[in-house]
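Let's take a walk through this structure together, starting with the overall layout and then stopping at a few spots along the way. Keep the view open as you read.

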Amino acid sequence: MPVITLYFSRLARLMGRRIPRERIVSTLPFLGLDIEEEASDHISVEYSPNRPDFSTDYGVAAGLEGLLGIKTGIPVLKIKKGIDSIRVEPSVGRVRPFIVAIEALNGRLDDETIRQMIAMQEDLHNGIGRRRKKASIGIHDLEKIKFPLVYGTVERNHKFVPLGSNDTMSVSEILANTETGKAYGHLLEDSKKVLAIMDHEKNTISLPPIINSKLTEVTTRTKNLLVEVTALDKIIAEDTLSIIAQMLQKGGFKISSVRISGARNSTPLLSPRKMLLDPALVSGVLGLDISPSEMMRSLKKSRLDAKMRGRQILCTIPRYRTDLSSPIDLVEEVMLGYGIADISPTIPKAGSAGQKNRVTAALGATGEIMVGLGYQEVMNFSLVGRKEQYELPGRDASGALPVADSKTQEHEILRDAILPGLVDTLSRNIHESYPQNIFETGIVFLKGSPVSEETHLACVSAHNDANFTEIKSVLQAILKSGFGMTCTTKVSHNPMFLEGRTADVLVAGRRIGVVGEISEHLLSSYKMRVPAAGFEINLSGLIF
Amino acid sequence: MSQVLHPIEQKILHALLDKSDITQEDLSVKTQLSIDQVRRGIEWLRFKEMVQVKESEKNYVKLAKRGLAAFESGLPERQLVNYLRTIPVFSCEMDQARSHLKDEFGPAIANAKKNGWIEIYQNRILLKGYHDATAEERAIKLIATKDPPMATSDEIGDADAIESLKKRPEFITVACTKNVLVALTEKGTQAAQSTPVFQDSVNRAIDVEAPAPLVFAARSHPLADVIDEVREIFVSLGFSELVGRNVQSSFWNFDALFIPQDHPAREMQDTFYLRSLSSKSVASPRHVRQVSKAHQKGWGYGWRLEAAKRMVLRTHTTCVTIKELADRQYEEARLFSIGRVYRNEKVSYKHLVEFNQVEGVVVGEKVTLRDLMGLQMEFYRKMGITKAKFWPTFFPYTEPSLQSMIYNERLGKWVELFGMGIFRPEVTRPLGIKNRVLAWGGGIERIAMLRYGLDDVRELYQNRLGWLRSVPKCQ
């Protein structure tokens, strides 16, 4: 989840008044912001990607104003009709067909505002923009640009000075050598031509979605901005632009529109939406008996507008609230505005008695008997490493079930047996006192279509006199006391066990597992000096 | 096989080697062991066939009051003889002797006559020539000079003397005593000869304050205990348990929950996909069609069945509950599921790739968010957690959504625990679920960490016996 830093002094300035710090800190969580770190002058909070408007302190300040009752209702976005324009060439159609833009005029940018803006841009790229795949943002110094602009394509040998460099580079060089080129170049696929925004004097303004040009770099001296968003989807482009426009307006800029022309493209309106909300849905879902006017008051505290239309509440939703898609979302806005702390819990009566699943009940009983036999329960992962599962025990790896792209080699395949993990557990306890008798019950996975999941029991005994007879006694005891069954053991061969001291376990003629003394080879590869014996049986056929 | 001998046994063996066939009392004296210790040691040694015990009966003869007096001043007949010897003619009148001997006169006359020491002639007593010490006198002397003043009939050696002394009132008492004699066997002799003399003074006390060797009780895994506790609480709240598969199609893990196919959580950086495995049929055609429509309408993209078929290790247990709700169409229900879930994360002190999650759902026409909060509080109360509160949060498939915070005394701060919410209509409607569904759940490891005071979640799966053996089960 993305994190933003909020300075208390900036929040005070943005809200136009100084609110006691404790009040702010205790209100932030009720906007859905999780406090990560608190310092003397700032606080870091995590916000959910479904609220991209919280990617700057402007958005957070607007939310706080609502909950604290400083300002309620919708923050209106005023857009003056501008004269500048962007023409879209048909050649962009396949790769990234949409562009929208606004101008932000007569503002002031200090270092912290620029930092907030860049952080917001990155968060939007990663969240709503899906790592720039769906949408990417360019913010430019308006003064350096000669309108009209053209959103079109250029050859890969096209050259300009990219942001963060002093040298003229070709598109190919930029893709190969710059950080963003390497990270996002794949989004251009292998098209011969690449996207570019060019101004009237043939200056390259941007190479979406990779990098802007050095020419339009924004500094603390910049007064007027051009913000453009290129995207795969027009709605996402407008969502993104509206969030930035709202932020810049709150930051003191005047917003002006940029006319867009070209196939499927149009000038964005960024106007609020309307949605009807049935008061009965609110009281039904929340279980709160409150009046529609109370609901409307709550919606306004959530920075929405609301009025009655017949028996329904008509909500006005600002364009930047991209997360509100259906009436149930408005129910939550009522909840937030009303105040969760003021909603008292109720305990519904159960209509019937509950019960454990018989599989888990049987597994619990199995564990009890193993404990009664003196075996300590252990718990291992079912996603395991190839080394412990196959290589060290010398087991056949043809049934291995690998997962894709695991971040660690210790968790790359699904186990098909528990016993190798128990031997690994013993090896990590060689400094502890013996005897060590351990067991585990759990799921193992067997290759097939679909993958089958079996519940196994495995145990191992390690001490100076550990041997086949001892472990067979334990096997007999668990089958007898647990399941009223007797088993036979038939000589078999298994690389994990000592040859001549290994047997298959059969119940009613069916093979359910294996028992034996752990092979000296396996023990020595784990540097274990104490002998061990163990068994593993499939419980799935026995109890469920 | 060597036999370990107790210090008591060693002492007895050495005493017997010195002198065999002695009584327990004598052994007690010789070994300076108490009589009880001697008896116990002899029992042990008999069991080891190192000593044999012979029992015999013995009569002990002691002097009574008149016997003791007789030892001082002689038997009555001796007193008579001595008196007669003081008279010049060695004879006197009967009455004269009677007044001298008083009560002893009768026995004195009778016994002296029997011994042939006197003759009675015309009412006079005449002393005859020889009057050597009698067997009775020798017996009295023998007994009296012994310490303690008693003797066995064997020592006295004259049964007649004892019999006649017995006939005299208050001269002797005879007591019958069982006697135990202890002797070494051949094995005992060898053992005694090969065992060094035990030097230490005998002290049966041990250091009761010293630590005893450690033994460890086998037990269930502490995490399993917490899982069981959570399960019991759900059952007590009227919930029935579902068990589902760990390997699921993306359809039930994501699509059915209205998580769009390009959602970051579905990427391989976050989710484990089974390599080159996809489900043949994910759900009923109607469900597939409805879910597809919901995605197209709600998220505005072209939903693909192929993406829904990819097999994943479930990232939550919600896939189990949602499938059950879609299959069974409950009007009302309380269900829960506990099991392993998987996330493709970097393992750290706070993240695991695999952990246990519990999830509960309540289906009902009139269930509310307040009910959900109430069930949550009730769950925590049963877990012994009294301070809890709710904050808003976001989940793609619930609306409204809340997270609960509980106050941890040890850490002195609020800790995030279970998440909860009401399933979105975009989730329930396509699957034909008519009533509202309250859902909540979260990781159990987090509860276990709070319970056992752990700061590193990995400890729960390291299976260090040192830790497993140290966690108290009954607290």
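Before anything else, bear in mind that what you have on screen is a predicted model. For the complex, the predictor reports an ipTM of 0.90 and a pTM of 0.77. Chain B has an average pLDDT of 88, and 97% of its residues score at least 70.

Let's get our bearings with the domains. Chain A is assigned domain 1 (3-67), domain 2 (79-261), domain 3 (273-340) and domain 4 (358-543). If you look for domain 2 and domain 4 of chain A, you'll find their C-alpha centres 59 Å apart. Chain B is assigned domain 1 (7-55 + 182-194), domain 2 (63-178) and domain 3 (222-468). Here the C-alpha centres of domain 1 and domain 3 of chain B are separated by 77 Å.

Now for the place where the chains meet. The contact draws on 69 residues from chain A and 70 residues from chain B. On chain A's side, at least two residues each come from helix H8 (279-286), helix H10 (327-338), helix H11 (358-372), strand S20 (376-377), strand S22 (401-402) and strand S24 (436-446). H10(A) gives the largest share of that side, with 6 residues.

Staying in chain A, head for helix H3 (residues 57-67). Of its 11 residues, 10 are buried, so the rest of the structure largely encloses this helix. The buried residues of H3(A) include A:Tyr58, A:Val60, A:Leu64 and also A:Asp57 and A:Glu65. What do the buried residues of H3(A) pack against? Their surroundings are strand S1 (3-7), helix H1 (8-15), helix H2 (21-27), helix H4 (111-126), helix H7 (234-250) and helix H9 (292-301) of chain A. After H3(A) comes A:Gly69, with a positive phi near 75 degrees.

A quick stop at A:Glu46, which sits in strand S3 (residues 42-46) of chain A. Is A:Glu46 buried or partly exposed? It counts as partly exposed, because 15 C-beta neighbours lie inside 10 Å, while a buried residue would need 20 or more. Setting aside neighbours within four places in sequence, A:Glu46 touches A:Met1, A:Pro2, A:Val3, A:Leu33, A:Asp34 and A:Glu36. A:Pro29 is 17 residues away from A:Glu46 along the chain, and their C-alpha atoms are 9.7 Å apart.

Chain A also has some backbone details to look at. The peptide bond joining A:Phe147 and A:Pro148 is cis, with omega about -5 degrees. You'll find A:Pro148 in the loop between strand S7 (135-141) and strand S8 (149-155) of chain A. Another cis peptide bond runs from A:Tyr434 to A:Pro435, with omega near 5 degrees. A:Pro435 belongs to the loop between helix H13 (419-427) and S24 of chain A. Then there's A:Arg131, which is not a glycine but still has a positive phi of about 55 degrees. A:Arg131 lies in the loop between H4 and S7 of chain A, and is partly exposed, with 15 other C-beta atoms within 10 Å.

Over in chain B, take a look at helix H14 (residues 285-299). From first C-alpha to last, its 15 residues reach 21 Å, close to the 21 Å expected at 1.5 Å a residue. Which residues of H14(B) are buried? They are B:His287, B:Val291, B:Ala294 and B:His295. Seen down the axis of H14(B), the buried residues fall within an arc of 100 degrees, so they line one face of the helix. The general rule behind such patterns is that an α-helix has 3.6 residues a turn, so residues three or four places apart point the same way. Among what covers the buried residues of H14(B) are helix H16 (318-328) and helix H18 (425-428) of chain B. Turned away from the buried side is a face with the exposed residues B:Pro285, B:Arg286, B:Arg289, B:Gln296 and B:Lys297. Just past H14(B), B:Gly300 has a positive phi of about 65 degrees.

Our last stop is B:Asn463, in the loop between helix H20 (459-462) and helix H21 (465-468) of chain B. Although B:Asn463 is not a glycine, its phi is positive, at about 55 degrees. B:Asn463 is buried, with 23 other C-beta atoms within 10 Å.

Technical notes: Residues numbered from 1 in each chain as written. Chains lettered and ligands numbered in written order. Predicted model: local features only at pLDDT ≥ 70, side-chain atom pairs only at ≥ 80, totals over all residues. Helix = DSSP H or I, 4+ residues; strand = E, 2+ residues; numbered from the N terminus. Expected span 1.5 Å × (residues − 1). Buried ≥ 20, exposed ≤ 12 C-beta atoms within 10 Å, placed from the backbone. Arc of directions from axis to C-beta. Contact = placed C-beta atoms within 7 Å. pLDDT = per-residue confidence, 0-100. Domains from an automatic or database assignment.
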